[in-house]
Amino acid sequence: MLTYEYQVGGSLKLDAPSYVVRQADLDLYKALLAGELCCVFNSRQMGKSSLRVQMRSQLQQVGMRCATLDMTRIGSEQVTPQQWYKGIAMDLLRSFDLLGSFDFKTWWREREDLPILHRLSLLLEEVLLVKFPHERLFIFVDEIDSALSLSFPTDDFFALIRYCHNQRAENPVYQRLTWALFGVATPSDLIRDRTRTPFNIGQAVELRGFQEHEAQPLLLGLKDTVSNPQAVLRIILAWTGGQPFLTQKLCQLVQGLAAEKKSLGVPLQMPPGSEAFWMSQLVRSHLIQNWESQDQPEHLRTIRDRLLRDEQRAGRLLGIYQQILHHRPAVVPLERRALIQSPVPLERRAPKLDKDEPDTQEQVDLLLSGLVEKHQGKLQVKNRIYQEVFNLDWVEAHLTALRPYAESINSWLNSGGFDESRLLRGQALLDAQAWSQGKRLSNQDYQFFAASQRVIAANLNCY
Amino acid sequence: MQSWTGKFYRQIAAESGYDLDYIKEVGSQLWGALSEALGEKVSKKNARLVLANYSVATGQSIASSLQAARTPDTLEFPSDAVPLQSSLYIERPPGEERAFAEVCRPGSLIRIKAPRQMGKTSLVLRILAHAREKDLRPVMVNFQQAESSSLGDLSRFLRWFCVYVGQRLSLESRLEDYWDEEVGSKVSCTTYFQQYLLQNIDSPVVLALDEVNRIFEFPELAQEFLPLLRAWHEEAAEQEIWQKLRIVIVHSTEVYVPLKLSQSPFNVGLPLQLQEFTLCQVHDLAKRYGLDDDGIEPQDLEPLLDLVGGHPHLVQLALYWLRQRDVSPAQLLQDAATQSGIYRDHFLRHLAILNQNPELWVAYRQVVSSAEAVQLEAIAAYRLESMGLVKVYGNQVTPSCELYRRFFNNQLQ
């Protein structure tokens, strides 16, 4: 007998019983059928690739042709533009299963005089759309952000996608070709020239965490395991906020624990009403405590690394995140110079972030890390697990590790900014400022510097 | 007896060019073929001899094994993997069962991580044997045998990989038809697998990749090749032909190469960690060694287990020597942590490696001389862990057993 299995990490297989159909599934399917250019951009492990696998299969079932271009598979650090574009061409043919029936090498060689992008576009128009004269074709481009790490700009490729989309009006054959783009990125990362980007004409499909009514398929694996599966699922979702990876992981943990108990002959005891307590014990012991060594497959460590990897900006990211933890609205960063000259308390200066306000790069970084999400225009921590793992203590420990003047600033902050003896003077201030050069620090750092300078200036005026 | 051996040599000769692991892997197949050819069942004793012989034929020193085979007890000396037919293989549930089920699933991926001498290869041999029973095509690739020069260059490496796997599948190399440096070697390699190798085999292939940790030493290669394995695994969800590929990744150390989450094969598939033997398993093994015939009771082994824990290889060595009746339990215990005890060769091998790597020497000295767990620089910790010398919990490092603490604390001063 096949047992019900959850899947933690990696894209879910087509027949995976634990696949959760979300609003995004319906939105994307509808938009694709309507021939829209679709963009699914989100943080890691939110189920983008699983969604892609499902879409492809659904479309194929109704007679459409699909191909997937995984950008990580084509590019590598050393690849040249020539190799990259030819790689795309070849992978497209492979994915449409045309390599066996089409002499690609010769075809490509015969067009060597043409610019490479032109050749790729001819391949679409004169080969793909001709080989499949009646079917609609869908091309899914996944892991689009990895195009960013290449040593050459890839704007041309994205411009080609936009071109295909625009061609539909003039050349009806292009109405049979539809693109969908997936990745951890923002449109502005991907293209520099706004008139050429496909991302502002594409339809963004929003991918949210599992809602309880959507997550019902997950019950199946719990129903032979616990006596009150619905209550357990609800509590799991309360911990994970529906984040797919964590939700699958918690379901799997419950299932595994029950199986273990069963093999020992002691059934899992969870009296009605005790589920929340029981789950919180499980979450703490298996996810939160010693999370860095328990994080298998990797999830939390990736979030950590995304926050800390760029030392020049880690301070600023942590600072903004710290404010979010304090339930303060995220502030739009001001010019550092302006801050130092006019140290105004944070709360008074910070405007409330509304929906239409463009995100700063740091806010985008936090969003893409997956740690926070936007709720009614405000950034907030995505779920309770993140909140407990990346808590204030964690932030402070890392800020301390970053700052050479950690001890002084911490004492100063603890005194509510009153203990001026803790401010930096002389060489210490010069050293700290030299260290801060080129870095994006938290507002607290800049307030600390400003206060130090003010005291020095005040002392000078006394003499 | 002679003719059997002669026959076997001819078989080996016919297979020449294959590496040790491959021969190990087809060992049982050969055995069957041998029985058939001779119209007579080949005994366990013979199989052992035969195994020893091919090891010699391929230049591996396993003289001790021959010697063991000649003892009245016909015990094999615990050296490499436990041979397929050996009664001395201890199952560690539910690892085997889960792996057997997984390997039969389309497009599956299994990861086995454990330090050296914990029984990884023994497990892989059994997975491959099971695969063969289920009419899958087992292929073993050991990266320890890849040349450094080809590991330094992505294109060369992938070409080697394609040819190697093709040979194991008895498919002639048609690299030139499929390889196109203009599309890059990763796309070429994928095309070669999809359009040629997978296309031309009737049954699915189980690709067991041993000593993948060797790849970690070449970060540039690792960052291209490892994501490729992940991509192939994921491809099975979308293209049926890739369901014919099942991958088993075996590595002895933590993955210390930075890999992007979405590209790492180490967070998908079925992970298996080989645990040390439990007390029950040690008692079971002692029985299989026949120690109860010698009047050695389970409780007599307890002081020994305090010293070596459940480390499979160290336990096997002790049981082997006890069964040889060369040494009494008390004597064995008394000398265990010295250069005159049964672990002498084992220690010397480790010492040789530490001698060649002063930074490991210093790091390990720190570990064994401290009563508490210590923190080490990550790479040193991983390398010591992969040698089996330490256990790592988070960033805390301790010696993997009391035996090591005692011996190396003396030696490394």
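Me: Before we start, what conventions apply here?
Reply: This is a predicted model, in which local features need pLDDT of at least 70 and side-chain atom pairs count only at pLDDT 80 or more, while totals for chains, interfaces and linings use all residues. Residues are numbered from 1 along each chain as its sequence is written, chains are lettered from A and ligands numbered from 1 in the order in which they are written, and side-chain values use heavy atoms, with hydrogens and water left out.

Me: OK, how do helices H11 and H12 of chain A cross?
Reply: The axes of helix H11 (residues 244–263) and helix H12 (residues 275–288) of chain A come within 11 Å and cross at roughly 105°, where axes are lines fitted to C-alpha atoms, for helices over the stretch in contact, and angles run from 0 to 180 degrees between N-to-C directions. Helices (H or I, at least four residues) and strands (E, at least two) are DSSP runs, numbered from the N terminus.

Me: And what does that make H11(A) relative to H12(A)?
Reply: That angle makes H11(A) roughly perpendicular to H12(A), a label for 65 to 115 degrees, with under 35 counted as roughly parallel, over 145 as roughly antiparallel and the rest as oblique.

Me: Which residues make the contact?
Reply: From H11(A) they include A:Leu250 and A:Leu253, and from H12(A) they include A:Trp278 and A:Met279, with contact meaning heavy atoms within 4.5 Å.

Me: Switching to the sheet, what is the strand order?
Reply: Five strands of chain A form an open sheet in the order E2-E3-E4-E1-E5, with parallel pairing; two strands pair if DSSP finds at least two bridges between them. The edge strands are E2 (65–70) and E5 (203–204) of chain A, each pairing on one side only.

Me: Where does A:Cys39 find its bridge partner in E5(A)?
Reply: A:Cys39 has A:Ala204 as its bridge partner in E5(A), and strand E1 (residues 38–41) of chain A pairs with E5(A) over two bridges.

Me: How much do chains A and B bury between them?
Reply: About 3100 Å², 46% of it on carbon and sulfur atoms, where buried area is the accessible area (1.4 Å probe) that two parts lose on being put together, summed over both. In chain A, A:Arg73, A:Met90 and A:Arg94 lose the most area to chain B.

Me: What does A:Arg73 meet there?
Reply: The side chain of A:Arg73 meets that of B:Glu235 in a salt bridge (2.1 Å, N to O), defined as a side-chain nitrogen of Lys or Arg within 4 Å of a carboxyl oxygen of Asp or Glu.
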